Structures are given as structure tokens and as C-alpha cells.
There are 2 protein chains.
Amino acid sequence: MTDPTDPYLIISAACHAGLPTERYRPYLEAAHHRAFDDWLGQRGARRAGAVRRGTRNETSVMKWYEDNEEGLRGGWDATQRVKELDGDGVAAEVVFPDADTVDGGTAPPFGAGLDASAAQDPEAAVAGARAYNRWLAEFCATDAERHCGVAVLPVTAEVDAVVAEIHRARESGLGALLIPAGWDDAAPYHDRRYDPVWAAAAETAMPLLTHAGAVPRPEYGGHLGIQLSEAAWWPARPLWFLLWSGAFERHPGLRFGVAGAGCWWLPDLLWHMDRLYLGAHGGRPLSPFAALKRSPHEYLDRQIFVCATAPTRHELARRYEIGVDNVLWGSGFPHPEGTWPHTGEWLRRAFHDVPVGETRRLLGESAAEAFGFDKSALVPVARRIGPVPDDLGQPRNQAPVEASWRRARETGRHWLTGFDFPFVGVGE
Amino acid sequence: MTDPTDPYLIISAACHAGLPTERYRPYLEAAHHRAFDDWLGQRGARRAGAVRRGTRNETSVMKWYEDNEEGLRGGWDATQRVKELDGDGVAAEVVFPDADTVDGGTAPPFGAGLDASAAQDPEAAVAGARAYNRWLAEFCATDAERHCGVAVLPVTAEVDAVVAEIHRARESGLGALLIPAGWDDAAPYHDRRYDPVWAAAAETAMPLLTHAGAVPRPEYGGHLGIQLSEAAWWPARPLWFLLWSGAFERHPGLRFGVAGAGCWWLPDLLWHMDRLYLGAHGGRPLSPFAALKRSPHEYLDRQIFVCATAPTRHELARRYEIGVDNVLWGSGFPHPEGTWPHTGEWLRRAFHDVPVGETRRLLGESAAEAFGFDKSALVPVARRIGPVPDDLGQPRNQAPVEASWRRARETGRHWLTGFDFPFVGVGE
């Protein structure tokens, strides 16, 4: 299992793809072409606004495009894409929308991508999502075993249409569902109106995902620091709305993941939620948390995960609190905040002192289970391109490595193992 | 400085007081008496609603009142209050509104207390706040050196009126300002319209405070777990709105504290904010964070603190990341989630292995500085009632205690000291 000559089967749980926006036209139903052309016409003004507000830096943006011109075509060119995955040692990937978040050049029609919001016109949102989903299914059909496409799902629209889109997306070969992080004026995600949606997601084995993106921007007055300080909170918020309203209890087959938001916010949140539940004699009939039959961490371990793009060593060091199996590594290709095109070096720096067995879980095995990848189809790919533990600087003799994390592992979720606080870090 | 026979000067940075609501009538201007009577009439219905939604448990509430009947009168009876403080070994306190959050029986008029929200009618909010502030000034005038009263400030109202209320409150003897955690439809706290308010707070040396309380309850559908999972986030949110908009840079005399929300959310948030700033070459003219001249942690150390009611050992163990001087302990008297009436036992459990010098900072010295308590007036009180390190189970020989935290202390804010992650916990 921890054979140091066995290549890693690496699955990036967070990558991005998308056509240059104007090219979505043929994937849109004809009734929406005119609205699409109008919408396209307004894009220049939106971009100029971003520059004025100082949230973009024209010089660094141009350099990013120039340095990576060929590889960035992998955002929508399937042949180029596989070359880039190979170069990174990545055997398979989960494909979110918006290849280009720097400049918004590959945004799906009508804002149906990462910035999707329940405040959008529902009809346009559904049309834009369908167009994107049609293109994505085509895109993923080449080398289908290497791409798990995430369908965009405007979940606050009419329930029957949403459920139908889930089944349509599954039949077209897509493997997961992206819902907006916020519900704006629609029903919050604790609402039972969504039960048929969660049931369909469970039935089709398509994990439900949120991704960092939409935020209440008008509140920020152009202060980027405010936005970035809470950018992880908004996509994480549905987690506790689903959890405390019993959605994971009623739909044990439902899987839910938070993507693109790191996982630094999760250990203390889990501790906090478990304490609420256990402190209130959770599970008893008089508990204020009667919608649950078990502790928050049990739902986490059964049904919840994070897709962490380029997680820091700080975040990886807290994996015993989060749960080693609940952190799914992502390269973020082709975003500039990801590890591409230097994934090999990045992995060495992040994982050199992490045990090989845990590295295998974090880099691929957990993602294979969460998204239903066919590992037998991927093993030959991994043998061809996957780095081995030696490449990550991981010692052949793993005993001292395992020992250095022993105390952190044994402390684990300290509130369940009898400790007052976590032990973070290596050491005897 | 760490003499084990020297009593602790304990200041609770988070206590609560308030009259039984109907008794605020004489403190209200006559023009508001009729509206007050109407508002009082609707309180029963609000309480019944809370029981129906399952957020209150009638049996445990009754037991709390019965067990503590005499002490709870200290919520508004100044003589009884000082007895309770003495019994807890607490020399002085910062006094927030709402002695009774279990049953809301001491809420200031028109919702001007902990639940204060910018969504309230501004005229009623100002009238209610003034009534409460008048009563509080009277209440704190007995044993003035032991009570720092927190004036309620409806900060989103008309700026001149708000500034006038700050000066009026200061002249009446109050020492700090409570603003609503949220701004609803009013201007967010990054807005320059508030600059005269922040300037007046700095000029009068009254720290600006938020407190856990108001939340977007209609979004929760009655699920208490959702509410409690994010209850700390809402009062903390103004911290990053003020910080990134440069309020602490423009007003170096302004001090800001988050109360009643613990401090478990702060270490990783600070790490995240510092990383944003330092990663963007913060401070340079082209930085997207040009409103700041220094790192978030520098503003924290200079101007920001948390008033943590009954902090857990988990939170105390992370004091080197937060900054030992930035955590102000609170008893929460007379709230059931606080340490009263068993503060002595509680302190022993929480602090037995914490160095005496740090305990002195956490339990009182930092609060004395933040709120401007007259320590020379409090030392005689502390000599009479304050526990000594022996009472907290702290060893006379402090060398091994200091040594056990050495690694955590040296790692400190790991992103500034060259470590990849914090060292949390005791050990060599």
C-alpha cells in the first residue's frame, strides 16, 4: 500500500474549463441568442470597472497570459488539456466552470459559472447552465475516464426543472452538481422544498458542490481585502444549513463538497459544531438539534468533503482534525492561484514529510471514491505519468515519518479523544 | 511580577446588566412612553414564539432562575452585584446590556440591547439607547472604579446625533460603545461616513465594541444549530470591514473589541488576512490593499482585542497566535453560559498550567489598559477578594510551566516566525 516505487494515482478535485464565452452561442437554445448577444455586449464595461476598482493589475495579468499562452488553451481544448494534466502528473480531474477567472473570458452565458447567484433571472440562469452543461459533456467525453464534469445547477429555480436537469446531466456523462453558494431571496438550503433535489443528487450519485465565487460584492465598497477575508465563508455556509436541518440524515446517499475555499476554516468549525451537539445531549428527543441522529463529525465523515486547491502546509497539518479522508487535493488548473504548471515541485514542498499512505488518500484515493472514478481505468495512466514517493522527497523508510506525526494523529479530534486542544505539528 | 502570593487583579471584560424592561419607563423621554407601552405589550407573544420554535427549554430555564434567584438580582441591583463580583474574585467589570438573555426580561426599550440592529426604526433605536445609557450611568456611578459601562450606540443613525451621544455618554461616566454587529440596509462600516464617529470614539478613548446577538434569524427556519454555527461570525465581521478600509490606519487611537463570541475563529483568520497582505507585497503603492500601511496583525496588536466569555482551554492554548495581550477574559455574569457563580473552580480548571505572568495579562491587565481602569483604585479590592496563583493550582516553581509552553511561544504566529504551521499544545 505504501510501496515507494508505486506511482501516485493523482486526481485533482478542483480544475476548471470553459469555452471563450462567445463560443457558447451554438450550445444555447435559439430563443436565448438575442439576449446572449446583448449580454456579451456589456462584458467590456464590466471588465473596465474591475480595473478601475483596483481589483485587477493589468501588468501582472498580461504576463500570466503571455507566459502560459499554450497551456491556457487547455481550458477548452481537450487535446492540449490532457498534455497539461500529463505534465503535472495528474491522472484525472474534477472539472468546474470558469477556466479563466483572471479576466472572466470563459464565463458561461448569463453568469451561470462560479459567480452564479440565485439573484439572477431564473430562466436565463437555467438556459445558461444548460448551454454550459451541454458543452462540458462533449468536452469530457474525450478521455471520459480522466474527466468528471461538474454540471451547473441553478438549484433555486423550479424544483421539477432542477431535478430534470440533474438526470439529463447524469445521462450526458457529467458526474457532479455545482449549486450557488447563496440563495439571495430564494429559500435557504434548510428548506424542505429542496428535498427532491437532494434525493435526485443522491440517487444519481452526483456530489453536490459549492465553490468560492459569488459574494455580496456591493457591501464591500471596492475593498478587496474585505472580500477575500470572507470569500471562504460564503461557499462553506451551505454546509451548516444542510447539516443542522437534517439533510444528511434524510439523504444518507447525498455527498456534499466545498471547493476552492481551502480548508483552514474547517477544524475549528467542526469542533464548534460538535460541541454544540454533544453539549446539548444531542440525539435525545428534547435536544434542540432533534433533526440530527448523530454528531456533526459523523455526517462529515460519511458525506462531506473539501476540494482544496493548493492547500497550504498549515492546512495539511490539521488533517487529523478535519479527517484525512475528507480533504481532496486540487491543482486548480488553469488558475494562477493553483499549482500548475509547477505541480511536481509544489507536491514535493507540501508533502515531503507526510506519510506516503496519507498522501495517497489526499492526492487521489478519496477523490476517486467521492466522485466515482474508475480506478482500474486510471492505473495505467498513473503508471505512465504519476510521480513516485521518491519524486516527492518522501523517505523510503517511513517509520520515522509516521512517528513524527504520531502525537498529532493520536490527539486527532481532541474533543473526542480526551484532549483539551489539538496537537498541531510534528514532534515526539 | 509573577509573585505567587500576589492576588490577581481580575477584570471581567464581559458582564451584563439591565433593568427589568418595564422599569426603563422613567429613563425614556416622555414622547416615547406610549410607543414603549405598545412595545411592552407585544413581548409575551415574542417569548411564546421562542418556546414553540424549540429554542428554549422551559424546565431548564425555570431551574436556572430558581437556583440563582438572589444573585440574578445583581443584574440591576448595584449592592447585590458587588457581592456577586466579590464572590467570584472579580475586582472590576465591563458592563454590556441584557442581564437576562435567557428570557429577555431586561432588554432595553425598543430592542436597543445585544440584539440591536440597524433595521430598527432609527428614532426609536436612539430613544431606547439613550434611556438605557442614562440608567447605566446611574448604575455604574456606585463603585465607579469597579464598573466600566458600555453605552449602546445606534451607529447607523444620523452622524451628528451619534457623535453627540458619544460625548454625552462619556460625560455621564460611561467608558465604551456598543455598535450593532450588522448594518442591514445602512452603509457598511467601511464607509467614510462613519469617520466622525470613529474619530469621536478615539478622542474620548471609548473602545468600540460588537457583541454576539443579532443574526439574520429569518434565514434559519428555526434551526438553532445553524444560528449557533455562525453566531460568532456576525459580530466578528466588522473587524475586517474596519481593518481593510483603513479605519485603524486613519484613527490610530481607535480601539475595537469583539465580545461574547469567543476567540476560536481568530487565529486562522489572522493568518489568512496577514497572508493576503504580505503575499500582495502589502504597503506598496500598487498593492490592492493601499488603504493599509502595515500588516493586519500590527493593527490587531495596536488596536483590536476580543472579550472572551469563559474561553475554552482550546482557545487559551492558541493565545500565542492571537497575541496574549489581545485576549481579555470575561465571566459573563450573570449569563448561564458564563463562569458565575463558580468562577474560582472555573479559573483553576482553565489556568492551572498557564504561566502566572500570562494569566495576569489575560485576567485583568490587558482589560485595564483597553478600558482605562484605574488600577491603583482596584489594587485594594483585589487584595481583599482576588485569588492568588496557589488558588488556581499554579505551581510556585514556574520554570517547568514556562518551559512546557516554550515551543508554542517560540512558534507563535508561525507565518511570521518561519514555521509552516502553529505548534499548539504543551510539550518539549
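The expected span of a helix is 1.5 Å times one less than its number of residues. Keep that handy for the last view; every view here is taken from a predicted model.

**View 1. Eight strands of chain A form one open sheet.** Walking across, the order is β1-β2-β3-β4-β5-β6-β7-β8, and the pairing is parallel. The edges belong to β1 (11-16) and β8 (327-330) of chain A, each with a single partner strand, so one side of each is left without a neighbour in the sheet. On average, and ignoring direction, neighbouring strands of this sheet are turned by 25° against each other.

**View 2. Strands β5, β6, β7 and β8 of chain A, seen through their pairings.** β5 (residues 208-211) and β6 (residues 256-259) of chain A run parallel and are joined by four bridges. Look for T210(A), which stands opposite V258(A) in β6(A). Four bridges also link β6(A) with β7(A), again in the parallel sense, and here G257(A) stands opposite F305(A) in β7(A). β7(A) then pairs with β8(A) in the parallel sense over four bridges; the bridge partner of C307(A) is L328(A) in β8(A).

**View 3. Strand β7(A) is buried along its length, in six of six residues.** With that count, β7(A) is largely enclosed by the rest of the structure. I304(A), V306(A) and A308(A) point one way from the strand, while F305(A), C307(A) and T309(A) point the other way.

**View 4. Helices α6 and α10 of chain A against the strands.** α6 (residues 122-141) of chain A lies across β2 (92-96) and β3 (147-152) of chain A. Its direction runs at about 175° to β3(A). α10(A) packs on the sheet as well, touching β5, β6 and β7 (304-309) of chain A. The direction of α10(A) makes about 160° with that of β6(A).

**View 5. Where chain A meets chain B.** Here 41 residues of chain A are in contact with 40 residues of chain B. On the chain A side, the elements giving two or more residues are α9 (224-230), α10 (233-244), α12 (266-279) and α14 (313-316). Which element gives the largest share? That is α9(A), with six residues. Sorted by class, this side of chain A has 22 nonpolar, 13 polar and six charged residues.

**View 6. Helices α7 and α8 of chain B, side by side.** α7 (residues 159-171) and α8 (residues 195-203) of chain B pack at an angle of about 5°, with their axes 9 Å apart. The two helices, α7(B) and α8(B), are therefore roughly parallel to each other. V159(B), V162(B), V163(B), I166(B) and H167(B) come from α7(B), and they meet P196(B), V197(B), A200(B) and A201(B) in α8(B). By class, this contact has eight nonpolar, one polar and no charged residues.

**View 7. Helix α10 of chain B, mostly covered.** This helix (residues 233-244) has twelve residues and reaches 17 Å from its first C-alpha to its last, close to the 16 Å expected at 1.5 Å a residue. Ten of the twelve residues of α10(B) are buried, including P235(B), R237(B), W240(B), F241(B) and W244(B). After α10(B) comes G246(B), whose phi is positive, near 85°.

How values were computed
Residues are numbered from 1 along each chain as its sequence is written. Chains are lettered from A and ligands numbered from 1 in the order in which they are written. This is a predicted model: local features need pLDDT of at least 70, side-chain atom pairs count only at pLDDT 80 or more; totals for chains, interfaces and linings use all residues. A residue is buried if 20 or more other C-beta atoms lie within 10 Å of its own, exposed if 12 or fewer, and partly exposed in between; C-beta atoms are placed from the backbone. Two residues are in contact if their C-beta atoms, placed from the backbone, lie within 7 Å. Ala, Val, Leu, Ile, Met, Phe, Trp, Tyr, Cys and Pro count as nonpolar, Asp, Glu, Lys and Arg as charged, and the others, Gly among them, as polar. Axes are lines fitted to C-alpha atoms, for helices over the stretch in contact, and angles run from 0 to 180 degrees between N-to-C directions. Angles under 35 degrees count as roughly parallel, over 145 as roughly antiparallel, 65 to 115 as roughly perpendicular and the rest as oblique. Two strands pair if DSSP finds at least two bridges between them.
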